[in-house]
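The questions below go through one protein chain and its two ligands. Each answer ends on the value or name asked for.

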Amino acid sequence: MLYLYTLDQPERYLHLLRQTLPDEAVACWPQEVDAAAVTHAAAWAPPAGFFARFPNLHTVFVMGAGVDKLLQRTDVPDNVTLIRLTDAGMAQQMTEYCLYGVLHYQRQMDRYARQQQERLWNPLDTRLARDVRVGILGLGELGGKVALDLARLGYRVAGWSRRPRQLEGVRCLHGEAGLRELLPQTDVLFCVLPSTPETRHVLDAETLALLPADAALINAGRGSLIDEAALLARLDAGALRFALLDVFAEEPLPPTHPFWNHPRVIITPHVAADTVPEDAVQQIAANLHAQAAGLPLNGVVDRDCGY
Ligand code: NAP
Ligand code: GLV
C-alpha cells in the first residue's frame, strides 16, 4: 500500500494517485489503515515519528526536490529507499524566478523604483544581456536547466557544482577553487544548491566579499546556504545591490527579522518552484512501475552526500 501525507491539496494528490495507479492500494493521512500493509509512502513534511508506524516501509517518495529535512529525521530507517522529485515541473519555475531577479538587476528596476519615490525622470545606461554575468550555484536538475535557459537568452552564464559538469553555452566550474574563480566574475548570483553539511554557509562573510561591488544575489536553494548576518552586513554597507530571497534560515521568516524592512531585500515566502501535482504523481508512478520491474529508479537520494 502507498500511504500519502501532504497538507497541500491532499484530495487532489489522492485523486491523481488513484487515477494513475488503478491497481495500487492508496490511502491518505489521517485515514486509519493496517500499518503493516504500508510499503511505500509519498510525503512532504509529515510530523515527527510519522514513518515509524509502518514496520514494512521500504520506499519514501519525497514530494519535493530538497531532502534536507527528511535526512534530519530519526524515524526513517537506513534501509528505506528515498526518492525525490527531479524537475517535475519545478525547473521551468526556477528559470522564471531567476530571470525575474536577473531582469530586476539588468533593467535596473531597483534604481528606477528609488527614482520614482523622488519623482526623478532619469534614464540610466542600457545594459545588454550579453554583458550580464550570471553565476549559478548548483547545476543539478533545477540549476542545470536555469543555466541552459539563461545562456540561450544570451546571458553570460557560469555555474558551479560539486563534480565536473558540461552544459552547452555554460562555463562550468566545480570544487572550492571553482567557487573562488566564479564569484568575482559574477554580476547576479543565483543559488539553487541543496542544504547539506558541505553547503552550509557556502556564502559567508569571506565568500560574499568575493562578489563584485554592485552584484545582486538570488537565493532559491535553502536558507542554510547563506550566513544571514554576513549578508545583512554586506547589504547594510551597500556592497551588494540587492538580494532576492525565497528561503531563510528560519521559515516562516520571523516578523522581527531585519530582512523584512531592508531597502535592498526582496522577500518571497518559499515559492520559487512549487511541486506540480500532476508531474509529481507521474514521477512517483513511473518509479513504482520501474521498481516493480526491477529497472533503475529516477531521483534516488544519496544519503551520504545529503542530496
Ligand atoms: P540536484 O539535482 O541534486 O542538484 C544539486 C546541485 O548542487 C548539483 O549540481 C550538485 O553538484 C550541487 N552541489 C551539491 N553539493 C555541492 C557542493 N558541496 N559543492 C558544490 N555543488 C554542490 O538538486 P535540484 O533538484 O536541482 O534541487 C536543488 C535544491 O533546490 C533542492 O535541494 C532544494 O533545496 C532547492 N529547491 C528550492 C525550491 C524553492 O521553492 N525555493 C524548490 C525546489 C527545490 P553535482 O552536480 O556535482 O552533484
Ligand atoms: C522545495 O523547496 C523543494 O525542495 O521541493
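A polar contact is a pair of N or O atoms within 3.5 Å; within protein, one must be able to donate a hydrogen and the other to accept it, and residues adjacent in sequence count only if both atoms are side-chain atoms. This is a predicted model, in which local features need pLDDT of at least 70 and side-chain atom pairs count only at pLDDT 80 or more, while totals for chains, interfaces and linings use all residues. Residues are numbered from 1 along each chain as its sequence is written, ligands are numbered from 1 in the order in which they are written, and side-chain values use heavy atoms, without hydrogens and water.

Q: Which side chain has an N or O atom 2.6 Å from an oxygen atom of ligand 2?
A: Around ligand 2 are Trp-44, Gly-64, Ala-65, Gly-66, Met-90, Arg-222 and His-270, where near means that a heavy atom lies within 4 Å. Ala-65 comes to 2.7 Å from a ligand 2 oxygen with a backbone N or O atom, and Gly-66 also has a backbone N or O atom at 2.7 Å from an oxygen of ligand 2. The side chain at 2.6 Å is that of His-270.

Q: How much of the accessible area of ligand 1 does the protein cover?
A: The shell of ligand 1 has 29 residues, with Arg-84, Arg-163, Arg-165, Asp-246 and Tyr-307 the closest. Backbone N or O atoms of Glu-141 and Leu-142 each lie 2.9 Å from an oxygen atom of ligand 1. On its own, ligand 1 has 930 Å² of accessible area (Shrake-Rupley method, 1.4 Å probe). The protein covers 95%.

Q: What radius of gyration does the protein chain have?
A: The radius is taken over C-alpha atoms, and the globule rule is 2.2 Å times the number of residues to the power 0.38. For 307 residues, a compact globule would be near 19 Å, and the chain agrees with this at 21 Å.

Q: What share of the residues in the protein chain is buried?
A: Buried means under 20% relative accessible area, with a 1.4 Å probe and protein chains only. Of the 307 residues in the chain, the buried share is 50%.
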